[in-house]
Amino acid sequence: MKRLFALWKSGVALVSMLLFAGLVFAQQVNPVTWTFTTESVNESEYYLVMSGTIEKDWHLYTIDMEDGGPMPMYIEFEESNDYALVGGITESPKPKEVHDEVFDVNVKYHENKVVYKQKIKSNSKNGFTVKGLLDGQACYDVDGKCVLVTEDMSFSVKPVQHKIEETTNDPKEVVEKTETNPVEEEDEEVVEENTEENNNESETEEEVSKETSVEKSETTEDTEEEEEKGFWGFLLMAIGGGLLGVLTPCVFPMIPMTVSFFLQGQSSRASGIMKAVIFGISIIFLYTLVGLIVSLTSAGADLTTVMSTSWIANAIFFILFFIFSLSFFGLFEITLPTGLANKADQQVDKGGILASFFMAVTLVIVSFSCTGPIVGAILVKGAASGSWLEPTIGMMGFGFGFALPFTLLAASPNLLKKLPKSGGWMNSVKVVFAFVLLAFSMKFLSNIDQTYNLNFLSRDLYIAIWVVLFALMGFYLLGKIKFPHDSDLQHVGIFRIFLVIISFTFSLYLLPGMFGAKLTPIASVLPPMTAQNFELSSGGVPAVEIEEALCEEPKYDFLHFGYNVQGYFDYTQGINCAKEQRKPLLLYFTGKQCSNCKQMQSFIWEDTRVQDYLNNKVIITKLYTDERHELPESEWYTSEMDGKVKKTMGKQNLDLQMTKFNVNSQPFYVLIDPETGDKLISETMEYEKDPDVFIEWLDKGLEAMK
C-alpha cells in the first residue's frame, strides 16, 4: 500500500510538472530557433550567417516589406574597428508573398527555414567577436497570435582554417564543428549499444528525410515558378519602358535623322543594317552598364529598407520626381552638360563602325531629360526585389526596347513613311508624363510621414490630391487646359477619348477612398488605412457619448487609438487615472505592424457597444511592443528578466508584458485592479472576432471590480 501511495505521489508530481511546463510553454512563445555561424570567403572576408528554424504553422516576416505592412525583420550590428560591413543583407529562400486584407498591402514571409547573410571585411589579424541584434515578428497561422522575435547575436571570427564555431539561442547548446573525430577510444560494449541506437535513429531519420525532401521539392518547385513569373514580368515591364521612352519628345523626333545616318553614304544596304545593329547593341550595352553599376554597389539588398526608413532618400526622390514633372509641364528644360553630347557627336562625324557606338552615346545623353524618370523607376523596382542582378536585367530590357525601333527602321526604311510626324501630340505625351510623375512623387512624401509619425499627409488627403491630378489630366486631354509649347487642339481623336475615359474613370474610382474605401488593387501605392482621418461610417462624429474625460492629456501625441476611442499609451498614466476614476485598467498589448491586432480591432472596436465600454467603463492603455521611439535616459532601466537595458517604448512595454504576465504574443488584453496592480480575473483575451464574447469578458472584469 505504501508503495502504491508513493507511486501515486510520484505520478501526481510528474503530471503537475508537465502541466506547469505546458502552461509556461503556452505563455512564453519562441517559435524561431536561431543559429549564428561564420563562413570564410577568403583571408580577409567572412559571411555572418543567421539561420532560423521556424516552427510548424508559424511564419516570419521578411526584411523587405511594403510601407504600412507588418513589422519587417531588422538586423543591426554593433560598430567596431575590427571589421567593416560589405554590401547589404541577403535572405534565402525567396519568401512567399500574399495580399494581406488587413494592411491592404502585399506581405512577404518565410516558413520552416530562413537564412540571412552579411559579408564583412576583417581589419584585424587576430580573432574578434561581432555582436548585433535581430528583431522581427512571427505569427501563428492557427489562432492568429503574433510575437516579437528578438535575439542577441554573437559571431566568433577567428583566422583559423578548418574550424567554424556556432552559437545558438539555446543556452544548453554550444556547437563547435571541427575536423577531429569526437569518438576515439570507447569501450566496445558502449560502442555496440550506441551502434544499435544509431541504426534505429538512422532508420527514423531516413523516413523523416524522405518526407522532408518531398516537402522541400514541392516548395522549391513553387518558389522557382514564382521566381520565373516575377522575372519575366519584370523583364517585359522593362522592355515596355524602353518602347515608351522612344515616344518621348526628346527621342521621337530623332528617329528619322538617326535612321537616315545609317542609310546615307553606305556601300550597301547590308553595311547600313550592320551599323544599325551595332548602334542597337551599343544602346543595350550602355543601359546595361548603368544597371550593373547599381547591382555591384549592393544597393539591391538594402534599397527597400532605405526607401521606407530614410527621410533623406525619400526627400531626394520626391524632389527629383517633382522637378522632372515641372520640366515636363514646360516650366524649364532639363539638359545634361552640352560638352558630353558634343564630344560624342564629334566622334560620330569621323564615320566608320565606331561612329555607330558614339551615335548611341549621343542619343542616350540627349534623351536623358525624358527617359530619366522611366530609368529611375525600373532601377528602383529592380533593386527593391532584393536580387543584386535585377537592376542589370532591368536596364538590359529597357535598352533592348529602346533600341529595337531604331534597328527595325534602319533595316526597313520604308516604315519611316508610316510613322506619325512629330508635333503638338508629342508635347501632350510629355504633359501626361508630368501628371503621372507628380502623382507618384507623393509616395515618397508619404514614406517620410509614416516612418517618422509626422501626420502631415493623411490617406484621405493623399487620395484627394490624386483625384484632382487625374481629373485635371482628363480635362487637359480634352483641350480645356493648355500649357507652354501646347498647340491648339482642333478636334479630339479616338485615342485621346480613350485616355480621357481612363483618366476620369480612375479619378472617380479613387473618390470613395477619401471616405475609407480600401482600394485594394492600388493599395501598395497608397498610405495605409491607419493614416485615414475621415471615414464615412463615422461621419467625423463620435459614435458614442463620452461621459467622463481622461484625467490628463495622454503622452506621445504621435500615437493614435482610432475608432473614436480615448485612452493612454503609458502604463503609469493609465493606472493613475484608473485609480482616480475607480475604474478597471484595461491593458492592451499590441504592435503598429501586428496584422492580427488590427484585424481584431476592425471586428471588435467598430461595435459601438465596445466603444462605450472602452470610453466610459474602463481606462484603456494601449501599449505598443514594437514602437522604436527612444525614451529619455532618465527613464531607462535594466530588466530583471534578461538583464538588458530597455531604452525604447516598445522594449519597455514588451518587458512589462513578459515579466508581469509571462506572455510575449500580441494581441493581448488583460484587466487590472488599479489599487493592487493584479489581474481582476484570471482570464485574458487574445485574438477574438466576436464583439459579444469580448463584451462578456469585460463584464466579468467589471463585476470583479465591484
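1. Leaving aside neighbours within four places in sequence, D449 is in contact (heavy atoms within 4.5 Å) with L454, N455, F456 and L457. D449 belongs to helix α10, residues 424-451, where helices (H or I, at least four residues) and strands (E, at least two) are DSSP runs numbered from the N terminus. With a relative accessible area of 2%, D449 is buried; buried here means under 20% relative accessible area, exposed over 50%, and partly exposed in between, with a 1.4 Å probe and protein chains only. The side chain of D449 reaches the backbone nitrogen of N455 at 2.6 Å, which is a polar contact in the sense of a pair of N or O atoms within 3.5 Å, where within protein one must be able to donate a hydrogen and the other to accept it, and residues adjacent in sequence count only if both atoms are side-chain atoms.

2. This is a predicted model, in which local features need pLDDT of at least 70 and side-chain atom pairs count only at pLDDT 80 or more, while totals for chains, interfaces and linings use all residues. Residues are numbered from 1 along each chain as its sequence is written, and side-chain values use heavy atoms, with hydrogens and water left out.

3. F456, one of the contacts of D449, is found in the loop between α10 and α11 (459-477), and with a relative accessible area of 39% F456 is partly exposed. Together with W311, I312, I316, L320, Y452 and L454, F456 forms a nonpolar patch on the surface, with about 690 Å² of accessible area in total. Patches are made of residues with over 30% relative accessible area and no salt bridge, like charges being joined within 9 Å and nonpolar side chains (Val, Leu, Ile, Met, Phe, Trp, Tyr) within 5 Å; the areas come from the Shrake-Rupley method with a 1.4 Å probe, and for residues only the protein chains shown count as cover.

4. As to the chain overall, there are 17 helices and 18 strands, and buried residues make up 43% of the 706 residues. Among contacts with a separation of 6 or more, 71% are accounted for by residues 24 or more positions apart. The accessible surface comes to about 37500 Å², of which 58% belongs to carbon and sulfur atoms.

5. When residues up to four places away in sequence are not counted, L510 touches I463, W466, V467, F470, L519 and I522.

6. A search of the whole structure finds 14 salt bridges, each defined as a side-chain nitrogen of Lys or Arg within 4 Å of a carboxyl oxygen of Asp or Glu. K117 pairs with E39, the closest N and O atoms being 3.4 Å apart; this pair links distant parts of the chain, with K117 in strand β8 (residues 113-122) and E39 in strand β1 (residues 32-40), 78 residues apart. Both partners are partly exposed, K117 at 26% relative accessibility and E39 at 32%.

7. K96 and E111 meet in a salt bridge at 2.8 Å, N to O, which joins strand β6 (residues 96-100), where K96 lies, to the loop between β7 (105-110) and β8, where E111 lies, 15 residues apart. In the bridge between D642 and K646, the closest N and O atoms are 2.9 Å apart; D642 is partly exposed at 37%, whereas K646 is buried at 9%. A network of salt bridges also links D135, R628 and K651.

8. The buried residues of helix α13 (residues 571-581) are Q573, G574, I575, C577, A578 and Q581, and they pack against β13 (585-590) and β14 (619-624). At the start of α13, a side-chain oxygen of D570 reaches to within 3.2 Å of the backbone nitrogen of T572, and the helix is followed by R582, whose phi is positive, near 55 degrees.
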